[in-house]
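Dear colleague,

I am passing on the structure we talked about, and my notes on it follow below. Please read them with the model open beside you.

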Amino acid sequence: MTSSVIIEQLKREKILELLSQGKRIDGRELHDQRSLSIETGVIPKANGSARVKLGDTEVVTGVKIQPDKPFPDLGDKGILICTAEILPLADPKAEPGPPGEEVIELARVVDRGIRETEMLDLKQLVLIKDKSVIGIFVDSSVLNTDGNLFDACSYAAVAAILSCTVPKYEIKDDAPVLVEGVTSKPPIKTTPVSVTMARIGDHIIVDPTADEEACMNARITITTNSDGNICALQKGGSDGFTIEQLIKCSEIALSVGTKIRKQLEQLM
Amino acid sequence: MTQLMNENGIRCDGRRIDQIRNVSIKVGVLKNADGSAYIEFGKNKILAGVFGPRDVHPKHMADQDSGILRCRYHMSPFSVTERKNPAPSRREIEISKVIKEALQSAVILKDFPRTVVDVFIEILQADGGSRCAALDAASVALVDAGIPMRDMVSACAAGKVADKIVLDVNDEEDKEGQADMPVAYMPNLGKITLMQLDGILTPDEYKKCLETAIGGCKQVYEIQKKALMEKYFKNGEA
């Protein structure tokens with residue numbers, strides 16, 4: 001990473017100049033993602049884990065599964081909570097302390113993608129209705145930033161869930177007790193895939209790097225499920241999209257998502 | 001579970017699928033604010049106050065080349081059924097961010113370097129779609145404050161309820177329905193500046209939902225304009 005302001009400015013000018021010819025600074029096509037590597041089982045003490053590299057953006061996600069009380073109005077469903085944070089070691093601008101609005105948005109968009117696609121059948125995670133359920137906690141930590149944290153965190157979270165094992169709990173005297181050595185596969189219904197795009201001028205580019213994000217007018221993250229439906233969406237950035245651009249983005253999200261889904265489903 | 005739609009396609013609150021709730025907007029309701037608006041959108045009751053351009057505190061937030069926009073969306077503890085903790089929740093922080101971004105493309109702040117325009121939104125009573133209603137009030141309050149703008153921002157949600165695409169999702173429909181898509185739109189520039197979705201839609205439903213929401217935004221736009229005319233041209237000066 002270069003820290004010189006002048007070099008960064010020159011780079012941004014170059015990005016815009018190349019885009020006007022339909023090219024990207026790293027040689028990718030407009031709708032190409034960076035190379036995605038997914039490694040699972042990296043944290044054996046977690047019930048599931050994954051380390052994802054999307055270009056130079058790196059994320060590690062761990063899944064912890066433990067008994068919990070259900071939410072008051074959702075006594076017939078297990079608990080699913082996805083969080084995300086940018087570790088202070090990930091970026092010279094990141095600081096320890098309470099999360100800012102960007103980090104909160106990141107965590108909520110990752111959570112929404114997994115929740116709204118109904119990736120997990122939470123009804124299968126109930127131990128005693130209204131009293132005791134299994135909680136699945138999916139915590140993602142960004143280790144290095146180079147743009148598109150949304151997709152990197154989302155793929156890591158999905159990979160960690162797909163590869164996790166659910167410990168068995170039995171009810172004894174109204175309390176859940178762990179049954180040693182018995183695990184099952186998580187109740188997976190679909191594989192959510194998020195695709196984040198940036199609009200720079202009239203161009204829609206997939207998987208923006210940090211430099212491209214610095215030039216973008218607006219951003220959109222669209223999450224699709226295995227049936228080719230659109231399940232979650234978040235627009236960001238200080239400018240807008242036309243209707244035509246939003247429809248094009250949904251088509252790109254579906255076609256790019258299909259490729260990523262294949263890669264993720266190999267982990268099952 | 002309540003029945004969300006009857007066999008005649010009438011929704012739980014008596015509306016047709018293409019009908020928005022009653023909306024009324026009043027401009028200039030706060031004496032101390034530079035601009036303000038009060039909106040009732042169904043059962044939503046929301047106040048928006050705009051201050052600035054004014055000095056930025058803390059100073060390090062200031063931009064040497066432009067004014068900045070800040071936005072706070074806050075729910076009163078008594079605005080919902082169960083008392084809400086008054087501290088800003090993660091949901092409120094996210095909504096503050098998306099509302100700010102939705103307004104950013106409308107306001108022109110480059111002539112006010114090193115200043116801030118603060119938009120404060122208070123949800124006094126919440127129904128479904130409070131972020132859209134809040135944005136509608138904030139947009140009118142910015143106009144009332146005399147902030148230069150490229151266009152007004154009008155917001156309305158659409159969604160999927162009982163397998164149908166419906167306009168302006170209410171509280172019950174949001175909780176029990178199949179999808180909710182809040183959209184903010186600049187009607188004269190044809191730009192969507194806020195969009196979110198939760199719920200499952202096919203690609204065709206996605207298009208229809210988006211078009212339906214934009215239709216709602218256009219209806220809200222007329223109500224916003226009328227509210228402004230009411231304050232500024234009520235003596236027939238227009």
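To begin where the two chains meet, Leu233(A) has Leu197(B), in β9(B), as its bridge partner. The strands concerned, β12(A) and β9(B), pair in the antiparallel sense over 4 bridges, where two strands count as paired if DSSP finds at least two bridges between them. Helices (H or I, at least four residues) and strands (E, at least two) are DSSP runs, numbered from the N terminus.

Before going further, please note that this is a predicted model, in which local features need pLDDT of at least 70 and side-chain atom pairs count only at pLDDT 80 or more, while totals for chains, interfaces and linings use all residues. Residues are numbered from 1 along each chain as its sequence is written, and chains are lettered from A and ligands numbered from 1 in the order in which they are written.

The pairing of β12(A) with β9(B) belongs to an open sheet of 8 strands with antiparallel pairing, in the order β10(A)-β9(A)-β11(A)-β12(A)-β9(B)-β8(B)-β6(B)-β7(B). Its edge strands, each pairing on one side only, are β10 (203-206) of chain A and β7 (164-167) of chain B, and the twist from one strand to the next averages 20 degrees. Within chain B, β8 (residues 179-186) and β9 (residues 191-201) pair in the antiparallel sense over 6 bridges, and Val183(B) has Met195(B) of β9(B) as its bridge partner.

Two helices of chain B pack on this sheet. Helix α4 (residues 203-232) of chain B touches β12 (230-236) of chain A as well as β6, β7, β8 and β9 of chain B, and its direction makes about 145 degrees with that of β6(B). Helix α2 (residues 130-144) of chain B lies across β6 (154-161), β8 and β9 of chain B, running at about 165 degrees to β6(B). For these angles, axes are lines fitted to C-alpha atoms, for helices over the stretch in contact, and angles run from 0 to 180 degrees between N-to-C directions.

The axes of α2(B) and α4(B) come within 11 Å and cross at roughly 35 degrees. The residues in contact (C-beta atoms, placed from the backbone, within 7 Å) include Val140(B) and Val143(B) of α2(B) and Val220(B) and Leu228(B) of α4(B). By class, this contact of α2(B) with α4(B) has 5 nonpolar, 2 polar and 1 charged residues, where Ala, Val, Leu, Ile, Met, Phe, Trp, Tyr, Cys and Pro count as nonpolar, Asp, Glu, Lys and Arg as charged, and the others, Gly among them, as polar.

Helix α2(B) also packs with α1 (residues 90-104) of chain B, at an angle of about 45 degrees and with the axes 11 Å apart. The helices α1(B) and α2(B) are therefore oblique to each other, given that angles under 35 degrees count as roughly parallel, over 145 as roughly antiparallel, 65 to 115 as roughly perpendicular and the rest as oblique. Among the residues that make the contact are Ile95(B) and Ile99(B) of α1(B) and Leu135(B) and Leu142(B) of α2(B), and the residues of this contact divide into 8 nonpolar, 1 polar and 1 charged.

Returning to the interface as a whole, 26 residues of chain A are in contact with 27 residues of chain B. On the side of chain A that touches chain B, the elements that give two or more residues are α2 (101-116), β12 and α5 (243-265) of chain A, and the largest share, 7 residues, comes from β12(A). The residues of that side divide into 10 nonpolar, 9 polar and 7 charged.

With kind regards
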